[in-house]
Amino acid sequence: MASAPSTDDMIDEFLSQRGHNVESPGWEESYNKKQCPDCGGLHDEGATECSVCGWMPGR
């Protein structure tokens, strides 16, 4: 028996078909530093959370 796609999967598919990015944002790279995709703050490679705005990957 096949399982029905979850509501989240259906929404993601709908949005991606219309040109929206549905992947969770991650750190961007800038000059050997991690850059926050929300505020643009620069952090060392070991950063797990933005010290400027509090953004965390996967949230």
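Helices (H or I, at least four residues) and strands (E, at least two) are DSSP runs, numbered from the N terminus. By that definition, the elements of this protein run α-β-β-β from the N terminus on, which amounts to one helix and three strands. The model is a predicted one, in which local features need pLDDT of at least 70 and side-chain atom pairs count only at pLDDT 80 or more, while totals for chains, interfaces and linings use all residues. Residues are numbered from 1 along each chain as its sequence is written, and side-chain values use heavy atoms, with hydrogens and water left out.

**Overall surface and contacts**

- Accessible areas come from the Shrake-Rupley method with a 1.4 Å probe, and for residues only the protein chains shown count as cover.
- The accessible surface of the protein comes to about 4800 Å², and 49% of this belongs to carbon and sulfur atoms.
- A residue is called buried under 20% relative accessible area, exposed over 50%, and partly exposed in between (1.4 Å probe, protein chains only).
- Of the 59 residues of the protein, 15% count as buried.
- Contact means heavy atoms within 4.5 Å. Among contacts between residues at least 6 apart in sequence, 11% join residues at least 24 apart.

**The sheet**

- Two strands pair if DSSP finds at least two bridges between them. The three strands form an open sheet in the order β1-β2-β3, with antiparallel pairing.
- The edge strands are β1 (28–30) and β3, each of which pairs on one side only.
- Strands of a sheet pair through backbone hydrogen bonds, either parallel or antiparallel.
- Three bridges join β1 and β2 in the antiparallel sense, and E29 stands opposite K34 in β2.
- The loop between β1 and β2 holds N32. This residue has a positive phi of about 60° although it is not a glycine, and N32 is exposed, with a relative accessible area of 71%.

- K34 lies in strand β2 and is buried, with a relative accessible area of 14%.
- Not counting residues up to four places away in sequence, K34 touches W27, E28, G41, L42, H43, D44, E45, G46 and A47.
- The C-alpha atoms of K34 and G46 are separated by 8.6 Å, and the two residues are 12 residues apart along the chain.
- H43 belongs to strand β3 and is buried, at a relative accessible area of 8%.
- Leaving out residues up to four places away in sequence, the contacts of H43 are W27, K33, K34, C50, S51 and V52.

**The salt bridge**

- A salt bridge is a side-chain nitrogen of Lys or Arg within 4 Å of a carboxyl oxygen of Asp or Glu. The structure holds one salt bridge.
- The side chains of K33 and D44 form this pair, at 2.8 Å from N to O. The pair links distant parts of the chain, 11 residues apart: K33 is in strand β2 (residues 33–35), and D44 is in the segment after β3 (42–43).
- Side chains of opposite charge can pair when their charged atoms come close.
- K33 is partly exposed, with a relative accessible area of 31%, whereas D44 counts as exposed at 52%.

- A nonpolar core is a set of buried Ala, Val, Leu, Ile, Met, Phe, Trp, Tyr and Cys residues joined through side-chain atoms within 4.5 Å. The largest such core has five residues: W27, C36, A47, C50 and W55.
- C36 touches W27, G41, C50, C53 and W55, not counting residues up to four places away in sequence.
- E49 is placed in the segment after β3 and is partly exposed, with a relative accessible area of 42%.
- With residues up to four places away in sequence not counted, E49 touches W27, G54, W55 and M56. E49 and W27 are 22 residues apart in sequence and 9.7 Å apart in space, C-alpha to C-alpha.

**The helix and a nonpolar surface patch**

- Patches are made of residues with over 30% relative accessible area and no salt bridge; like charges are joined within 9 Å, and nonpolar side chains (Val, Leu, Ile, Met, Phe, Trp, Tyr) within 5 Å.
- I11, F14 and L15 make a nonpolar surface patch of about 250 Å².
- F14 is found in helix α1 (residues 7–17) and is partly exposed, with a relative accessible area of 45%.
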